[in-house]
Amino acid sequence: MSAHCQVTGRAPGFGKSVSHSHKRTNRRWDPNIQRKTYYLPSAGRRITLTVSAKGIKTIDRDGIEAVAARLRARGEKF
């Protein structure tokens, strides 16, 4: 599963780890991605979304219908 939120668009951040000797190595910061299933009353079925923790809060705030409408407008499959 890719570390990409369907709701907020959050993706991994990239950078360097710096050791005590100041040697630099590549690293990445992954968002907190969860697979969540929501019931969509307008479609009469359940949908599974790959969302970050902030995406879950957005769905709680705006409602799954509003978020699903935004995803449909973007042309995203779910």
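Thr 58 is buried, with a relative accessible area of 10%, where buried stands for under 20% relative accessible area with a 1.4 Å probe, protein chains only. The structure is a predicted model, in which local features need pLDDT of at least 70, side-chain atom pairs count only at pLDDT 80 or more, and totals for chains, interfaces and linings use all residues. Residues are numbered from 1 along each chain as its sequence is written, and side-chain values use heavy atoms, with hydrogens and water left out.

Thr 58 lies in helix α1, which covers residues 53-62; helices are DSSP runs of H or I with at least four residues, and strands are runs of E with at least two, numbered from the N terminus. The side chain of Thr 58 reaches the backbone oxygen of Lys 54 at 2.9 Å. Apart from neighbours within four places in sequence, Thr 58 is in contact (heavy atoms within 4.5 Å) with Val 7, Thr 8, Gly 63, Val 67 and Arg 70.

The largest nonpolar core holds 15 residues, and those touching the most other members are Val 7, Tyr 38, Ile 47, Leu 49, Val 51, Ile 59 and Ile 64; such a core is a set of buried Ala, Val, Leu, Ile, Met, Phe, Trp, Tyr and Cys residues joined through side-chain atoms within 4.5 Å. At least two residues of this core come from each of β3 (33-40), β4 (45-52), α1 and α2 (64-74), and α2 gives the largest share, four residues.

From the N terminus on, the elements of the chain follow the order β-β-β-β-α-α. Along its principal axes, the C-alpha trace spans about 60 × 20 × 20 Å.

Conventions. Buried means under 20% relative accessible area, exposed over 50%, partly exposed in between (1.4 Å probe, protein chains only). A polar contact is a pair of N or O atoms within 3.5 Å; within protein, one must be able to donate a hydrogen and the other to accept it, and residues adjacent in sequence count only if both atoms are side-chain atoms.
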